[in-house]
Amino acid sequence: MDQCTAATLLPPPEFVTRLAVAGGSRPQAGHLLCELAAGHDGDHAMALWDNDANRTAVWARWWGERAILAELGWCGAIDPRGEDACGLFTGHPSAHDWGIVDPTLVAVDALLAQEHPHLAPRGRR
């Protein structure tokens with residue numbers, strides 16, 4: 001399943017901008033890229049940083065012009081091989097992350113394999 005291609009800009013919170021102006025620099029908006037599967041229900045979502053102490057992460061969630069930050073627990077479902085836990089949030093509306101493929105990375109991998117076949121992993125040559 002392909003990854004959602006939604007992207008947006010997240011402007012810095014107003015209080016951060018006010019604090020930064022006093023210091024002489026102005027923070028810039030950051031790009032957000034949705035990590036969920038294409039065609040998902042509800043808000044787009046991207047993890048911003050981990051909170052290891054609480055086993056949570058701060059996620060930016062957005063739809064249209066509205067964006068919020070939310071601290072959410074990790075999904076924790078284990079992949080069928082029993083090796084990795086899903087890196088999305090609890091109750092995410094799409095497939096688990098091991099079933100989501102970023103089409104841009106697939107295209108880059110194909111181009112690199114074509115241009116540098118000696119670097120391609122075994123079994124892909």
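Colleague: Which residue in the turn of the hairpin formed by strand 3 and strand 4 has a positive phi?

Modeller: This is a predicted model, in which local features need pLDDT of at least 70 and side-chain atom pairs count only at pLDDT 80 or more, while totals for chains, interfaces and linings use all residues. Residues are numbered from 1 along each chain as its sequence is written, and side-chain values use heavy atoms, with hydrogens and water left out. Strand 3 and strand 4 form a hairpin with four residues between them; helices (H or I, at least four residues) and strands (E, at least two) are DSSP runs, numbered from the N terminus. In the turn, the positive phi of about 55° belongs to Arg-55.

Colleague: How many bridges join strand 3 to strand 4?

Modeller: Two strands pair if DSSP finds at least two bridges between them. His-44 has Trp-62 in strand 4 as its bridge partner. Strand 3 (residues 44–51) and strand 4 run antiparallel, and the number of bridges that join them is seven.

Colleague: In the hairpin of strand 4 and strand 5, which residue takes a positive phi?

Modeller: Strand 4 and strand 5 pair in the antiparallel sense over eight bridges, and Trp-63 stands opposite Arg-66 in strand 5. The hairpin has two residues between the strands, and the positive phi near 65° is that of Gly-64.

Colleague: How many of the eight residues of strand 4 are buried?

Modeller: Buried means under 20% relative accessible area, exposed over 50%, and partly exposed in between (1.4 Å probe, protein chains only). Trp-59, which is buried, has a relative accessible area of 0% and lies in strand 4 (residues 56–63). Strand 4 is mostly covered, and the number of its eight residues that are buried is seven.

Colleague: What is the centre to centre distance of the aromatic pair of Trp-59 and Trp-74?

Modeller: Rings of Phe, Tyr and Trp (its six-membered ring) pair if their centres lie within 6.5 Å; planes under 30 degrees apart count as stacked, over 60 as edge-to-face and the rest as tilted. A search of the whole structure finds two aromatic pairs. That of Trp-59 and Trp-74 is edge-to-face, with 70° between the planes and a centre to centre distance of 6.0 Å.

Colleague: How many disulfides does the count come to?

Modeller: A disulfide is a pair of cysteine sulfur atoms within 2.5 Å. The sulfur of Cys-75 has its closest cysteine sulfur in Cys-86, 4.0 Å away, which is too far for a bond. Cys-75 is partly exposed, with a relative accessible area of 23%, whereas Cys-86 counts as buried at 3% relative accessibility. By this rule the number of disulfides is zero.
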